[in-house]
Amino acid sequence: MFRSVTVLALALVLFAAPVAHADYIPGMSLSVDLGTGPTVWTPTGTSDGYGSFTYCSAGSPGCVGGDATFVVGGVEVDWDFLFNPDPVVSGNFSVKNTNPTPQTFTLTVTVPVAVSAPWVMGGSTVQQVTDNNGNGATMGTLAGSAFYRAMINGGFVSPPNLLGNLFPHDSSFSVGNFLSGSDGGAAFGTPIPSAAGNPVAVTSMGIQFQFTLTPGDSASTQGVFVIEPVPEPGSMLLLGMGLAGLGLIRRRK
C-alpha cells in the first residue's frame, strides 16, 4: 500500500511540472526606442533541444542563424539573449551611436512565462562603454530611470531607487581617449534569487535598459533576471512522501 502511495505522490509531482514541447519557441519581444517612439519586433529564436532558447543578431559574436542588425537613424543595435523556462532571461544589447550628438536608448526584452505566486526573484547587470573617436566616452542614466529595471507583467517591479532597479539616476561613468571600461556591475535579490516577489501570478518577465551615450561611441548592457517559484506546502509534502517511500523500498530490498 505504501508503495502505491509513493508512486502516486511522484506521479502528481511530475504531472504538476511544466512540459516544454520540442517544437515550441517562446515569442520573445524586443523594443528599441531612440526617443521618437518604440520599434517592437519578435526576434528569431532557436532551441538547444534541452529547454533553452537563444535569440541573437548577426553582429553578436558567435551568433548563428540570427536576425540582421537593427539599424536606424545613425544607430546600430545588436542583441544576444538566452531564455530558460525556469524562468531566466539573460543576455545583452550592444549599440553604436554614429550620430554627431548624444543618443538616448531605451532597450527592452520581454518573454511570456507562467509562474504562480508565491515566487522569489533576483537579477544583475553590468554596462560597458568604448570610446571610438579619441575624445572619451560617457554612458549615463535618465531622470526617473535606471540602467537596469526588472519587469513583471508589462510593468516595473518597483519605482526607481527601489528593489529591481540597478544604477538608478543619477548614475554615469566615463572612459578616456580610445579606452573601454565598465561600471563594475550590480545585483539585487542575492543570493539570486531570494527577494520576495509580489503575490501575483506572472505571465511575462523582462528587463528594460535605459541610458544615454556620447557621439561616435559604443556601449553594451548585460543583464540577468531570474524568477523562481516557491513550492506550495502540498507539493513539498508529496515530494517528501515520494522520497521517503523510495528510501523505504531500498531498505526493504
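This is a predicted model: local features need pLDDT of at least 70, side-chain atom pairs count only at pLDDT 80 or more; totals for chains, interfaces and linings use all residues.
Strand E11 covers residues 146-152, and seven of its seven residues are buried, so that the strand is mostly covered.

**Strand pairing around E11**
- E11 pairs with E18 in the antiparallel sense over five bridges, and in this pairing Met151 stands opposite Gly206 of E18.
- E11 also pairs with strand E13, which spans residues 165-168, again in the antiparallel sense and over three bridges.
- A further antiparallel pairing, over two bridges, joins E11 to strand E12 at residues 155-156, where Ile152 stands opposite Gly155.
- The hairpin of E11 and E12 has two residues between the strands, and Asn153 there takes a positive phi near 55°.

- The bridge partner of Ala146 in E13 is Pro168, while the C-alpha atom of Ala146 is separated by 6.2 Å from that of Asn165, which is 19 residues away along the chain.
- Beyond residues up to four places away in sequence, Ala146 touches several others, among them Leu166, Phe167, His169 and Gln210.

**Gln210 in E18**
- Gln210 lies in strand E18, which runs over residues 202-213, and this residue is buried with a relative accessible area of 14%.
- The side chain of Gln210 makes a polar contact with the side chain of Thr106 at 2.8 Å.
- Leaving aside neighbours within four places in sequence, Gln210 is in contact with residues including Phe105, Gly140, Leu142, Ala146 and Phe147.

Technical notes
Residues are numbered from 1 along each chain as its sequence is written. Side-chain values use heavy atoms; hydrogens and water are left out. Helices (H or I, at least four residues) and strands (E, at least two) are DSSP runs, numbered from the N terminus. Buried means under 20% relative accessible area, exposed over 50%, partly exposed in between (1.4 Å probe, protein chains only). A polar contact is a pair of N or O atoms within 3.5 Å; within protein, one must be able to donate a hydrogen and the other to accept it, and residues adjacent in sequence count only if both atoms are side-chain atoms. Contact means heavy atoms within 4.5 Å. Two strands pair if DSSP finds at least two bridges between them.
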